[in-house]
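User: Please take a close look at one residue of this protein and at what surrounds it. Then set that residue against the rest of the chain, including the charged side-chain pairs and the overall build.

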Amino acid sequence: MDLVRSLGADEVLDYKTPDGVALRSPSGRKYDVIIHCAHNIPWSTFEANLTSKGKVVNTTPGICTVMSAAAKTIKCSKKQLIPLFTSPKKENLDFLVNLVKARKLKPIIDSKHPLSKAEVAWAKSIDGHATGKILVEP
């Protein structure tokens with residue numbers, strides 16, 4: 001939680017607490033944007049924490065996310081669920097590399113594993129509790 005605060009989050013929820021499980025804002029604030037980075041949490045869980053025109057950006061979208069986003073659009077709701085799909089482009093990756101080199105963006109590395117131990121990295125990834133990225137190096 002300290003790491004997330006150090007990255008600039010307004011509020012941090014501990015998913016191990018009842019408020020965290022329910023995704024209740026500790027301060028009761030409503031948000032314009034919520035970045036959703038976990039799996040299997042329904043849209044309805046976030047809706048109570050949004051302002052009237054708030055948005056949830058889902059960085060791990062699945063078919064349910066796409067269906068919920070479509071339903072929100074059909075209902076003309078001002079609250080939005082936005083599935084984030086990425087397609088890396090060289091110029092965008094170069095931009096990110098330059099931000100890292102300039103120390104304006106700090107990637108968080110959970111762990112590094114040699115290619116010969118890729119199964120260890122995979123197991124850690126599947127566990128879902130990495131703090132940052134898991135690297136596999138040649």
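Phe-46 is buried, with a relative accessibility of 7%; buried stands for under 20% relative accessible area, exposed for over 50% and partly exposed for what lies in between, with a 1.4 Å probe and protein chains only. The model is a predicted one, in which local features need pLDDT of at least 70, side-chain atom pairs count only at pLDDT 80 or more, and totals for chains, interfaces and linings use all residues. Residues are numbered from 1 along each chain as its sequence is written, and side-chain values use heavy atoms, with hydrogens and water left out.

Phe-46 sits in helix 3, which covers residues 43–47; helices (H or I, at least four residues) and strands (E, at least two) are DSSP runs numbered from the N terminus. Leaving aside residues up to four places away in sequence, Phe-46 touches Leu-23, Ile-34, His-36, Ile-41 and Val-56, a contact being heavy atoms within 4.5 Å. Asp-127 is 81 residues from Phe-46 in sequence, and their C-alpha atoms are 24 Å apart.

The protein is split into domain 1 (1–83) and domain 2 (92–136), with bounds that come from an automatic or database domain assignment. The C-alpha centres of domain 1 and domain 2 are separated by 24 Å.

Another buried residue for comparison is Ser-111, with a relative accessible area of 13%. Ser-111 belongs to strand 4. Apart from residues up to four places away in sequence, Ser-111 touches Lys-124, Lys-133, Ile-134 and Leu-135. Between Ser-111 and Gly-20, which are 91 residues apart along the chain, the C-alpha distance is 26 Å.

Lys-124 also takes part in a charged pair. Its side chain meets that of Asp-110 in a salt bridge, at 2.8 Å from N to O; the term covers a side-chain nitrogen of Lys or Arg within 4 Å of a carboxyl oxygen of Asp or Glu. This pair links distant parts of the chain, 14 residues apart, with Lys-124 in helix 6 (residues 118–127) and Asp-110 in strand 4 (residues 109–114). Lys-124 is partly exposed at 31% relative accessibility, and Asp-110 is partly exposed at 24%. Side chains of opposite charge can pair when their charged atoms come close.

In the whole structure, four salt bridges are found. Among them is the one between Arg-29 and Asp-10, whose closest N and O atoms are 3.9 Å apart. Arg-29 lies in the loop between helix 2 (18–21) and strand 1 (31–36), and Asp-10 in the loop between helix 1 (2–6) and helix 2, so this pair ties together parts that are 19 residues apart in sequence. Arg-29 is partly exposed, with a relative accessible area of 41%, whereas Asp-10 is exposed at 59%.

A salt bridge also joins the side chains of Lys-90 and Asp-94, at 2.6 Å from N to O. Both residues lie in helix 5 (residues 90–101), four residues apart, about one turn of the helix. Lys-90 is exposed at 60% relative accessibility, while Asp-94 is partly exposed at 33%.

In the loop between helix 5 and strand 4 is Arg-103. Arg-103 has a positive phi of about 60°, although it is not a glycine. Its relative accessible area is 78%, which makes Arg-103 exposed.

The C-alpha atoms fill a box of roughly 50 × 35 × 30 Å along the principal axes. Of the 138 residues, 17% are buried, and Phe-46 counts as one of the buried residues. Among contacts with a separation of 6 or more, 31% are between residues 24 or more positions apart.

The accessible surface comes to about 10400 Å², and 60% of that belongs to carbon and sulfur atoms; areas come from the Shrake-Rupley method with a 1.4 Å probe, and for residues only the protein chains shown count as cover. The 21 positive and 13 negative charges have mean positions 5 Å apart. Here Lys and Arg count as positive and Asp and Glu as negative, with His and the chain ends not counted, and a charge is placed at NZ of Lys, CZ of Arg, CG of Asp or CD of Glu.
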